[in-house]
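Hi there,

Here is the structure I promised to pass on. Have a look at it first, and then read my notes below.

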Amino acid sequence: MVRIKERYLLVNILYPSEIGVKPGVPDVVVINQPTTDKLTPQALLRGIRAEVGDTFGDFGSGALEGGGLQVKYLSNATSTFILRITRAQYRMLWTALTFMDHVPVRDGKPCTFRVVHVSGTIRKVEEAAIRHARNLMFAVKDQAGEKDKAALEAMFGQAKRTRQAAVVMPTPLNVEDDSGDEDMVDISDD
Amino acid sequence: MLYDLNIAWSPSTTQSELTQTLKFSASLGYNAVALNHLIENVPPQPKNPLPRFPSQTSQSQPTKASIGDNNNKSRNVEQKQDQAKDDPSLPTVLHRATVCMSDPAGVQRIPQLASLYDIVAVRPTTEKEFSHACQEVRIEVASLISLDLTQRFPFHFRPKPCMAAVSRGLRFEVCYGQTLRSGASADPRTRATWIGNLMELVRATRGRGIVISSEARRVTELRGPADVVNLLAVWGLPADRGMEGLGVNARGVVVNEGINRRGYRGVVDIVQVAARDDEEGDKMEGVETTGEAQKGKAAAAGGSGKKRKGGANEGRGSGIGNAPPADGTMSKRQAKKLKKLAMEESGTTTPEENKS
């Protein structure tokens, strides 16, 4: 049996142009802020198709049609999505993502698409997403912690705000569910 | 280590924009960036107007181009990187000047610029300038040939001058930010020209000796390292060469320029001066261990001490640590060599040294 080889791209939407606009919020949180709810899988696909058509012309659009482009997962809260495409065309898709410079909705904010992980199976890409989100959480905690130290206890208000900002960043997929399950198992064992 | 040797800077760039770009660049994973000042006409008394960042505070800005100040300034990139670790949100910031070669007086004034900036690059536009840059500009003068790929070159990149430049140690710079600058003001053919030029350059050099940088004027023109490598892979630069262009080649440029400013004639460099106490300790050790070899004692101690200091840096080719050791301390390799010689001299009979 011959199977169709595919590539799964894990992509993050980053918002670098707002660094330093809001004082008191860690940069990691600003860069990885949530995306507008107007971004649906359909809108995303439309944006990508337009960009591929722009860069590669009819050849690119046709290759993408034949490549079975699909949005497997889209989380606006974490600005993360997973795309699926046949292996032959994935570099073309990736290039289009690199060239995109705003969220593909009406009056979309300027942003950058960063491909975090490329893999052949969706399982691995899911693992990568979880790992990436976890690292992000640690980074946010680190930055918030630094600020806490600097601000001392007199500035409780600000410290709390950064904490809240950190909590706004939920992990994609089911990281928290996983850990919750483990806890439950532990308790039942006891 | 990832390098981005070109963050465009002009007098109109504001500090907040620049901080934004630098912070984003650090969060994308770049460890060191260079602020680039494109100089069309070099003034007779050049100055360095680039802003300085907290990670650079301890190094003095040389106003007079004296040798001592030079040494202080570009003390060591690694040292700067240590300082940068204090503030992880900013990468190591270097200063770079790019001189347009259309101004012949400017090229002659590069040595003055070299004392003010960490890196100096040249930007040729015509064929004459290009071949001059490839074949005659010495590596001590400029180690980077920056090409504006968005303009149409009235000539082809031929392999011979390009490879001559690469084998002399010069590197070609390719700036991907120029293609991402597709605003309303940009020429619609810009991207096509850029791609065409890039493919020709890659064909001429076969992907060797290329440094990839962003030339980002705004923060939205920065992309992650993997994205950049993929982008160039689509246009014909193999992915491994692309990674080299972000890492090894760029580091080579930085280190080369550093050693040109710091070291003696760009060859000999003082990496670390041994502490006095340590050296005495070494001597004492030497006396204890090589008690039998009385003759070469002092020389051996000196030799071994030197070797230990130079050992970490042999890869750089400073050549200090490669001196043959005195007869007291014989390396295993040398012992083997001598043994082999003895074997050859005495034919098939096994000499006594066989035991040792």
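**Where the two chains meet**

The contact draws 17 residues from chain A and 19 residues from chain B. On the side of chain B that touches chain A, helix H1 (15-28) and helix H10 (225-234) of chain B are the elements that give two or more residues. That side of chain B is made up of eight nonpolar, eight polar and three charged residues. Please keep in mind that this is a predicted model.

**The sheet of chain B**

Chain B has an open sheet of seven strands, ordered E1-E2-E3-E4-E5-E6-E7, with parallel pairing. At its edges are strand E1 (3-9) and strand E7 (210-213) of chain B, each of which pairs on one side only. From one strand to the next, the twist averages 35°.

Within the sheet, strand E4 (residues 119-123) and strand E5 (residues 144-146) of chain B are joined by two bridges in the parallel sense. Opposite Val122(B) you will find Ile145(B) in E5(B).

Two helices are worth a look here. Helix H11 (residues 239-246) of chain B packs on the sheet, where it touches E1 and E7 of chain B, and its direction makes about 70° with that of E7(B). Helix H12 (residues 248-262) of chain B lies across E1, strand E2 (32-39), strand E3 (92-100), E4, E5, strand E6 (171-175) and E7 of chain B, and runs at about 75° to E1(B).

**Chain A**

Chain A contains four strands and six helices, which follow one another from the N terminus as β-α-α-β-β-α-β-α-α-α. Of the 190 residues in chain A, 35% are buried.

Best wishes

Note on methods:
Residues numbered from 1 in each chain as written. Chains lettered and ligands numbered in written order. Predicted model: local features only at pLDDT ≥ 70, side-chain atom pairs only at ≥ 80, totals over all residues. Buried ≥ 20, exposed ≤ 12 C-beta atoms within 10 Å, placed from the backbone. Contact = placed C-beta atoms within 7 Å. Nonpolar A, V, L, I, M, F, W, Y, C, P; charged D, E, K, R; others polar. Pairing = 2+ DSSP bridges. Axes fitted to C-alpha atoms, helices over the stretch in contact; angles between N-to-C directions.
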